[in-house]
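This briefing is meant to be read alongside the sequence and the 3D view.

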Amino acid sequence: VSELREWRPVICRKCTDTLWLLLFFLFWAGMMFITGYAVMAGSAERLVLGYDSFGNVCGRKNTPVEGAPLSGQDMRDKKYVFFLNSCSLEMQSLKISSVSLCVSSCPQEQLNSLEDLQSFARNNGSCLCIYNLNISNYTLNPKAAELCPTLPVPPSKSFPLFNRCVPQNPECYSKYATVLISMVNEMDIFHRILSGILAGRDAVIGLSCLALAFSFILVLAFRFIQTLLVHTLIALVVFGLLFVSGVLWWLYYDYRNDPSIELETEKENVKFLLGYAVFSTIVTVVLLSLILVLRKRLQYTVQLFQIVGKIIGRIPFLLFQPLWTFLILIVFWVFWVAVLLSLGTAGTAQTTSGGQVEYRALSGISYMAWYHFVGLIWTSEFILACQQITIAGAVITCYFNRNKNRPPPHPVLSSISVLFCYHLGTAIKGSFLITILRIPRIVLCCLYNILKQKEGACAKCLFKCCFCGFWCHENVLRYFHQHVYTTTVISGTDFCTSAKNAILILEKNSAQLASISCLGDFILFLGKVFVVCFTVFGGLVAFNYHRELQTWVVPLLLVGFFAYLMSHNFLSVFQVTVDAMLLCFAIDMETNDGSAEKPYFVDQELLNFVSQSNKLAEGRKHRSMRSFQDNEDGTELQPM
């Protein structure tokens with residue numbers, strides 16, 4: 001029966017790489033244990049909302065701590081952290097030495113005496129002295145000077161960085177900012193990123209939505225207006241690259257020559273702006289050079305995307321596949337960040353002299369954090385691998401269908417069912433291999449940041465070479481995995497067997513398919529650059545006027561990363577479709593001969609396009625060989 005059946009994706013399948021599926025379940029059992037431990041032992045509210053020196057979380061109703069009489073108070077109306085000595089803060093072991101309180105509002109005007117503190121408490125309901133000191137005793141208690149803030153109390157304003165009351169007096173503001181930034185700098189990278197997100201969370205959310213809109217518009221453009229899209233996209237990318245590079249250099253020049261820059265955060269902004277400007281200029285020069293070299297071949301991309309558009313037109317639900325993947329990733333990332341915050345605040349409350357409370361981290365937290373971090377990379381790569389297999393399965397189902405005008409029913413749902421029933425283990429194994437390559441690169445990056453002040457030029461060069469090597473290897477492996485997944489869906493084999501088959505197919509047809517695939521990937525990369533450029537420009541406009549406490553270069557970097565991730569997620573529909581279509585074409589040419597017994601499955605349009613591309617490549621090769629031979633002949637026959 002199998003000999004009489006036409007060649008197409010196998011009907012009788014079996015589960016592949018089941019051992020890896022079991023290993024992934026065991027790994028997630030460990031993730032669930034860490035989640036339960038973090039929820040029971042941690043308190044993310046302390047980090048996000050802030051807390052006072054007596055163990056009370058601001059903005060929440062608290063439970064009492066043994067040995068701390070001022071703990072366990074209802075702070076639902078007191079949402080801001082106020083330091084009694086905000087003008088002379090000091091750092092001691094990642095902790096601010098000044099006593100902190102939860103208050104309902106920050107003082108908007110300077111308070112010069114205890115009578116002013118008493119009047120402010122009665123008029124605004126915000127007590128700025130220790131909780132057990134009655135408002136009527138502010139001026140009567142002989143120890144009021146120790147229990148109340150240092151006079152004069154500068155005017156302050158609530159700032160969205162952990163709900164702190166930030167003094168507005170220039171001298172106090174500078175000292176306050178320096179202490180807070182030094183505390184953030186001494187924290188690990190996770191807390192630093194979190195502080196950047198919270199400092200500009202409104203702008204980050206808005207710019208992420210802008211990147212999402214740009215990505216979706218670009219997907220629709222690739223689907224419906226292929227004729228003018230390539231030239232318009234190239235023009236917009238060139239304009240965006242030049243414009244963003246120019247704006248970055250202008251901002252760097254403006255910040256560098258600003259005499260009012262004294263804070264460490266503002267100096268860090270200048271350094272990061274210089275790095276952004278240099279990186280943007282290098283990317284601009286490289287991409288413009290590539291566009292200039294490939295300008296004559298860009299016309300073939302219009303035909304390529306017209307063919308891809310027809311395939312997606314037969315499977316319109318493919319356009320919504322990245323949206324579901326994106327939503328699943330967002331839900332997972334929110335879960336991951338929530339667990340990380342709880343894990344970072346896991347500690348035991350211990351009372352000190354004066355009834356104050358300190359939280360000491362438990363042993364083994366760092367190992368749990370690394371395990372949790374591996375789970376982030378592995379699970380994210382697994383979700384993206386599932387999307388690739390789903391898209392490849394739908395394209396394969398439509399390609400190996402004789403009646404092109406009548407596509408098979410529900411190809412996306414059919415591909416999802418095949419994935420979940422048979423090939424989850426293959427997706428897990430492929431994503432684990434990428435995770436193995438990403439973790440050493442991240443470790444090298446962390447070591448480089450730790451040792452960059454101590455190492456020499458040779459060690460820096462070695463670090464960067466290793467970092468680039470891992471990055472290149474990871475991207476090559478990611479590209480190869482797409483062909484492995486496509487081969488798995490077609491033949492129903494495990495990861496290693498599919499990798500072997502994919503290598504054999506690509507080895508025989510690399511000359512035919514490499515140029516077409518690379519050209520399509522280059523245009524899609526330009527689309528990602530377009531989304532990143534205009535999103536980063538929006539971020540520059542949004543963050544440029546916040547030259548205050550927050551280090552806005554961190555949110556800007558995150559916005560650029562999210563914009564690239566979103567555009568990659570959405571445009572991967574076309575990238576995976578092109579790769580799967582070309583691999584199916586190679587298998588079709590390898591298996592069938594176009595005769596009545598073994599007719600091709602390929603569309604005539606795709607066959608003509610590949611033939612034209614190959615003729616163009618062969619013509620260039622013959623011209624170069626003829627030119628070389630003419631030069632040799634001319635040299636030999638040249639008269640004396």
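The expected span of a helix is taken as 1.5 Å multiplied by one less than its number of residues. In this predicted model, helix H12, which runs over residues 365–399 and has 35 residues, reaches 51 Å from its first C-alpha to its last, close to the 51 Å expected at 1.5 Å a residue. H12 is also mostly covered, since 29 of its 35 residues are buried.

**The chain as a whole**
- The secondary structure of the chain comes to 18 helices and eight strands, and buried residues make up 47% of its 640 residues.
- Among the contacts in the chain with a separation of 6 or more, 73% are accounted for by residues 24 or more positions apart.
- The chain has an accessible surface of about 32,300 Å², and carbon and sulfur atoms hold 63% of that surface.

**Ser 100 in strand S4**
- Ser 100 is found in strand S4, which covers residues 100–103, and with a relative accessible area of 6% this serine counts as buried, because the cut-off for buried is under 20%.
- When residues up to four places away in sequence are not counted, Ser 100 touches Tyr 51, Asp 52, Ser 53 and Phe 54, and also Val 81, Phe 82 and Phe 83.
- Pro 149 is 49 residues from Ser 100 along the chain, and the C-alpha atoms of the two are separated by 9.7 Å.

**Ser 215 in helix H7**
- Ser 215 has its place in helix H7 and is buried, with a relative accessible area of 1%.
- A polar atom of the Ser 215 side chain lies 2.8 Å from the backbone oxygen of Ala 211.
- Leaving aside residues up to four places away in sequence, Ser 215 touches Val 531, Met 566, Ser 567 and Phe 570.

**A nonpolar surface patch**
- Phe 216, Leu 220, Phe 317, Phe 320, Trp 324 and Leu 327 make a nonpolar surface patch of about 600 Å².
- Helix H7 (201–224) and helix H11 (321–344) are the elements that give two or more residues to this nonpolar patch.
- Phe 320, one of the patch residues, lies in the loop between helix H10 (299–314) and H11.
- The relative accessible area of Phe 320 is 37%, so this phenylalanine is partly exposed, a class that lies between the buried cut-off of under 20% and the exposed cut-off of over 50%.

Note on methods: Residues numbered from 1 in each chain as written. Predicted model: local features only at pLDDT ≥ 70, side-chain atom pairs only at ≥ 80, totals over all residues. Heavy atoms only, no water. Helix = DSSP H or I, 4+ residues; strand = E, 2+ residues; numbered from the N terminus. Buried < 20%, exposed > 50% of the residue type's maximum accessible area, 1.4 Å probe, protein only. Contact = heavy atoms within 4.5 Å. Areas by Shrake-Rupley, 256 points an atom, 1.4 Å probe, with all protein chains shown as cover. Patch = residues over 30% accessible without salt bridge, like charges linked within 9 Å, V, L, I, M, F, W, Y side chains within 5 Å. Salt bridge = Lys/Arg side-chain N within 4 Å of Asp/Glu carboxyl O. Polar contact = N/O pair within 3.5 Å; in protein donor to acceptor, adjacent residues only side chain to side chain.
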